[in-house]
Amino acid sequence: MILRMRGIAKSFLGIRVLSGVDLDVAAGEVHAVVGENGAGKSTLMKILAGVHAPDEGSVEIDGTEVSFAHPVEAQRAGVAIIYQEFNLLPERSVAENVFLGREPVRRWLVDREAMETATARLLQELGETSFTPRDLVRHLSIAQQQVVEIVKALSQDARIIVMDEPTAALAEHEVELLYRLVARLRERGIAVLYISHRLREVFDLSNRVTVLKDGALVRTADTAEITSDELVRLMVGRDLGTYFPDRGARPGEVRLSVRGGGNAVLDGIDLELREREILGVAGLQGSGRTELAKALFGAEPFTRGTMSPLRPTSVRQAVAAGIGLVTEDRKAEGLALRQSVRDNALLVSRSVRGAGNGGRAGGSGVLELLEAVRLHPPRPEQEVRYLSGGNQQKVVLAKWMTVAPKVLIFDEPTRGVDVGAKAAIHDLMRGLAEDGMAIMMISSELPELIGMSDRVVVMREGRIAGALPAGASEEAVMRLAAGEVTS
Amino acid sequence: MRALRSMGPILAVLAVLLVLIALVNPFFLEPAGFLAFLKRAAPLVILAAGQYFVIVSGEFDLSVGSLVTVQVVVAARLIDGQEEATWPVLALLIVIGLLVGLANGVITTGLRVPSFITTLGMMLVLSGAVFLWTGGAPRGALSETFRMFGRRDLGPVPWSVLVLLAAGTAAILLMRSDFGKRLIATGDNERAAGLSGVRVDRTRIAAFVVSGLAAAVAGILLGGFAGVSAQVGQGLEFQAITAVVLGGVALGGGRGSVVAAMAGAFTLEALFTLLNLYGISGALEFAVQGVIIIAAVAASSVRLPFRRALRV
Amino acid sequence: MTGRSRPAAATGTAAPDAPAPREGGKGRALAGRIGSTQVIYLALAGVMLVGWVLVALDGGDFLTLETIVGIQQRSAALGIVAVGQTLAILVGSLDLSVAYLISLTSLVAAEIMAGQDGGIVPGVAAVLAVSALIGLVNGLVITRLHVHAFIATLGTALIVKGIVDHLYDGPAGSVPDSFQRLGYDRIGPVPVSALLWAAVALAVWFLLRRTRLGYRIYAVGGDEEVARLSGVRTGRIVVAAHILCSVCAGVAGLLLASRLGAGAPTVGTDGGYDLESIAAVVLGGTALAGGRGGVAGTVGGVLLLAVLDSVFNQLEVNAFFKDVVRGVVIVAAVAVYARRGARRRSR
């Protein structure tokens with residue numbers, strides 16, 4: 001075993017993210033790590049890569065216990081991690097990127113030849129001929145950039161390479177190329193840790209697979225001895241201990257419908273949102289859920305297809321037509337963190353004429369609003385950045401409730417939110433639906449998705465892969481989301 | 001109020017400076033003395049208020065100094081001593097300020113040129129253009145009515161103080177309005193603002209227009225106060241930015257109040273007054289200004305990590 | 001000013017199962033390298049052509065030896081400063097203190113030399129030391145005190161201005177005749193000052209292309225986070241860039257002192273070297289955000305401005321008109337680069 005991780009535990013701000021996880025990988029092994037979003041895969045890998053330090057547990061590489069204070073130390077110990085968002089400099093060449101921070105020197109000058117020769121050799125060994133060491137990274141496709149990252153790892157004599165969702169942004173034929181690369185890495189005796197949702201790849205590539213759920217190790221199994229159904233069950237099966245508000249009355253009229261909607265990322269979207277109904281949208285990372293939300297909201301509009309009541313080409317159009325969006329990342333897209341709760345809550349009503357709805361803009365109106373979203377204690381003048389995640393999300397919700405939209409889209413409404421606030425937000429969503437709103441909810445948390453939705457639609461690769469009724473099983477959702485599986 | 005609390009440091013500094021001035025020059029405590037100070041400070045305070053709008057939205061306006069010079073030179077040339085020409089020219093000056101601001105805003109948002117470069121280019125164009133027109137040296141003369149604003153009093157109160165009060169009040173009201181809220185949200189988080197329906201580009205353009213307008217008003221006051229010269233606006237953009245930063249408004253936007261920016265301008269002016277009284281004038285003023293500006297910004301960026309995030 | 005951004009990718013590769021042809025990759029690389037540097041030189045050629053036509057129409061002769069020499073002379077000082085400014089901007093920063101630094105160093109040189117040949121070496125040494133020190137201060141204020149480059153270098157500029165204006169009212173010191181030759185001599189048709197500029201430009205170009213420091217300057221300017229994660233000491237790189245930038249300004253101060261025969265407190269500001277150097281860098285295609293561009297482009301930018309200058313002089317155009325045109329050219333150039341950048345990204 002070249003890598004042994006034992007008893008790894010980690011908490012962030014009091015929330016336990018990993019507890020007692022063990023992981024072993026041998027040289028030349030491809031080891032898949034699977035689990036839902038939030039299962040702890042990324043955190044575990046970041047601990048290995050030296051980005052975080054574990055609260056408990058140990059990491060051994062080649063028999064020696066290690067502890068990294070900086071990612072560079074992990075690199076020197078032979079660990080390389082390839083993130084989804086590559087760590088590359090677009091304006092520099094492939095060779096320059098590969099040797100960043102380790103430029104070879106001859107007589108005080110950078111030995112360009114050595115850099116390019118070494119890079120070329122690695123490219124050849126990987127069977128990569130579509131670009132040269134001199135090409136600028138910004139001219140390369142995502143698949144090619146990924147190869148650059150791998151070359152970078154190899155040139156650092158990495159013995160353990162972690163790939164985080166490597167195929168999320170690749171086209172079909174590019175995935176084949178990646179397979180070949182992984183095979184070559186295996187031949188070189190490198191241990192590959194492969195994080196993926198895509199079960200087909202897990203079964204095509206890996207020797208063993210580790211399943212994480214809710215921060216804990218569920219099982220490590222030989223891939224040859226497990227079926228995909230079993231795997232899915234291990235990933236999502238759980239006790240029905242969570243409580244969700246009762247589903248509501250029968251849905252009413254159609255408030256929003258799309259036929260044949262498409263743009264650069266989406267295709268063939270047919271969708272209907274009805275008043276009093278919560279439509280759940282499921283799918284793996286990269287399947288286009290957020291893009292769908294943004295298309296409906298006019299932020300990344302549809303370029304094809306029809307939509308009623310209108311097909312918004314701008315956010316303002318959408319808002320004026322009664323559509324709202326609670327974005328996925330509240331800190332980056334939902335809140336002005338240095339402004340007060342009040343100013344955030346009133347932002348939409350202050351920006352789009354005709355969107356505001358009676359009487360809420362005044363002083364007491366805000367307090368009422370904060371009461372309605374159960375923000376206790378209501379301090380309208382407090383800077384939003386000091387609120388907890390759950391309370392921040394409530395402010396975002398309040399912002400939209402101020403303008404009483406007809407359609408409200410939620411993208412990961414309870415991500416990073418504590419249990420208490422989660423329940424409150426769920427109640428609020430159901431309450432809004434009952435009051436007549438049409439709600440669309442994107443969620444990676446299957447229990448939440450299934451518990452809250454009246455209907456579920458599953459996305460895959462920019463299309464709608466299928467629809468499921470209320471109370472569908474998590475396995476059923478996962479199967480639609482992950483696609484065909486060879487077992 | 002939250003805003004007042006965050007102004008604590010700058011108000012403290014201002015208070016200390018004012019006390020020190022009064023100690024050296026007791027005349028300062030008398031209405032006439034204090035009003036004289038306000039009269040001198042008015043143009044910078046108004047400029048700082050205008051610059052605040054631009055900075056809080058995340059941009060720079062380097063053209064205000066040249067714009068002020070343009071205002072004064074154009075006024076002198078067009079009025080040429082004739083009283084009747086005063087009011088039309090005043091109107092024209094305002095229009096020029098608005099148009100320059102509009103140009104700055106449209107070029108920055110429409111052509112995606114960093115505001116640093118846009119307003120830099122505008123600075124060159126303005127200074128070049130105005131001297132092109134006047135043939136190298138300011139000509140003509142201002143009228144008494146024009147000079148009144150910068151120089152004379154209405155009863156016991158100087159006109160410039162009245163203008164200052166009006167402008168300051170307008171700025172405060174503007175920031176309290178929906179527009180002001182949208183502006184500061186844009187500077188804080190442009191994406192969140194856009195996704196909340198804010199017209200980000202137009203809001204920024206409006207900020208530049210306000211800055212241009214402020215430069216016009218400041219120019220009118222300065223023309224009366226300091227007279228006509230080619231150097232009347234020199235360095236004012238840097239002074240305005242310094243004042244805003246002193247007031248705790250962060251470069252990059254989203255934080256700080258217009259009152260704080262104006263307080264920063266008063267503080268800077270008080271500093272200059274104090275230095276003058278101690279005989280440190282002219283050149284060393286600049287050196288001190290340099291030290292202060294660095295210290296103020298360094299201090300405000302150091303303070304932040306100490307604010308513990310209170311999880312509510 | 002720099003921020004994290006995902007590297008923009010070209011659209012997907014060729015048909016399935018067929019690896020994209022090697023030439024295709026290389027061709028794309030070439031197309032990308034016909035980047036901003038070529039644009040500025042094309043623009044330069046264009047301006048020279050237009051200038052030649054205009055001057056000919058006016059009855060003059062544009063491309064005489066006189067004019068070319070004049071262009072070289074005029075551009076030398078600005079060129080040296082702009083090369084230094086390139087380093088600051090490449091690393092994602094900028095330097096507003098160069099103009100006052102030039103004035104200061106011209107005075108330091110002239111005072112120490114005091115008209116004696118023996119004073120040349122100490123004078124030059126002092127200038128280099130003072131400039132390096134100020135560059136160090138700039139760099140440390142930016143990296144350690146976390147002050148925005150605009151404010152930090154503005155502050156330094158004001159401090160230097162204060163000191164210089166306080167101590168001097170007008171020209172002072174004197175430069176020995178032998179040193180003045182730097183400013184006036186020619187080797188054949190080529191002024192020594194132009195050779196100096198060429199030497200500085202080549203040295204910095206070499207630094208950027210062949211040394212680790214150069215590589216890391218591009219890295220830090222391109223994406224500071226990425227550089228940091230690869231173990232680059234980003235703070236040190238920024239400080240180094242600022243020191244070199246200020247030293248270039250110091251050399252420019254030496255050159256100007258040799259031309260004037262003395263030092264002067266206004267020599268830096270009269271030439272507008274702060275904003276002009278930034279303009280030249282930006283004209284040459286170096287991105288204000290850093291990480292992209294280089295000395296070659298800056299040289300083109302400086303030459304363009306000098307040619308514009310020369311054309312205007314020949315046509316006896318009003319000096320102020322020149323300012324207007326310059327302002328428009330700078331904004332237009334950056335707008336063009338911004339468009340190209342955006343188009344590139346959305347591919």
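## Chain B: contacts and overall dimensions

Two residues are taken to be in contact if their C-beta atoms, placed from the backbone, lie within 7 Å. In this predicted model, 79% of the chain B contacts between residues at least 6 apart in sequence join residues at least 24 apart. Buried residues account for 54% of the 312 residues in chain B.

The secondary structure of chain B consists of 14 helices and two strands. Along the principal axes, the C-alpha atoms of this chain fill a box of roughly 65 × 50 × 35 Å. The radius of gyration of chain B is 19 Å, which agrees with the value near 20 Å that a compact globule of 312 residues would have.

## Chain A: a six-stranded open sheet

In chain A, six strands form an open sheet with mixed pairing, in the order E17-E18-E19-E15-E20-E21. Strands E17 (323-326) and E21 (463-469) of chain A stand at the edges; each has a single partner strand, so one side of each is left without a neighbour in the sheet. From one strand to the next, the twist averages 20 degrees.

E17(A) and strand E18 (residues 407-411) of chain A run parallel and are joined by four bridges. Within E18(A), Val407(A) is the residue that Ile323(A) stands opposite.

## Helices packed on the sheet

Helix H16 (residues 419-434) of chain A packs on the sheet and touches strands E15 (278-283), E18 and E19 (438-442) of chain A. The direction of H16(A) makes about 150 degrees with that of E19(A).

Helix H18 (residues 474-482) of chain A also packs on the sheet, touching E15, strand E20 (455-460) and E21 of chain A. The direction of H18(A) makes about 30 degrees with that of E20(A).

Conventions
Residues numbered from 1 in each chain as written. Chains lettered and ligands numbered in written order. Predicted model: local features only at pLDDT ≥ 70, side-chain atom pairs only at ≥ 80, totals over all residues. Rg over C-alpha atoms; globule rule 2.2 N^0.38 Å. Buried ≥ 20, exposed ≤ 12 C-beta atoms within 10 Å, placed from the backbone. Pairing = 2+ DSSP bridges. Axes fitted to C-alpha atoms, helices over the stretch in contact; angles between N-to-C directions.
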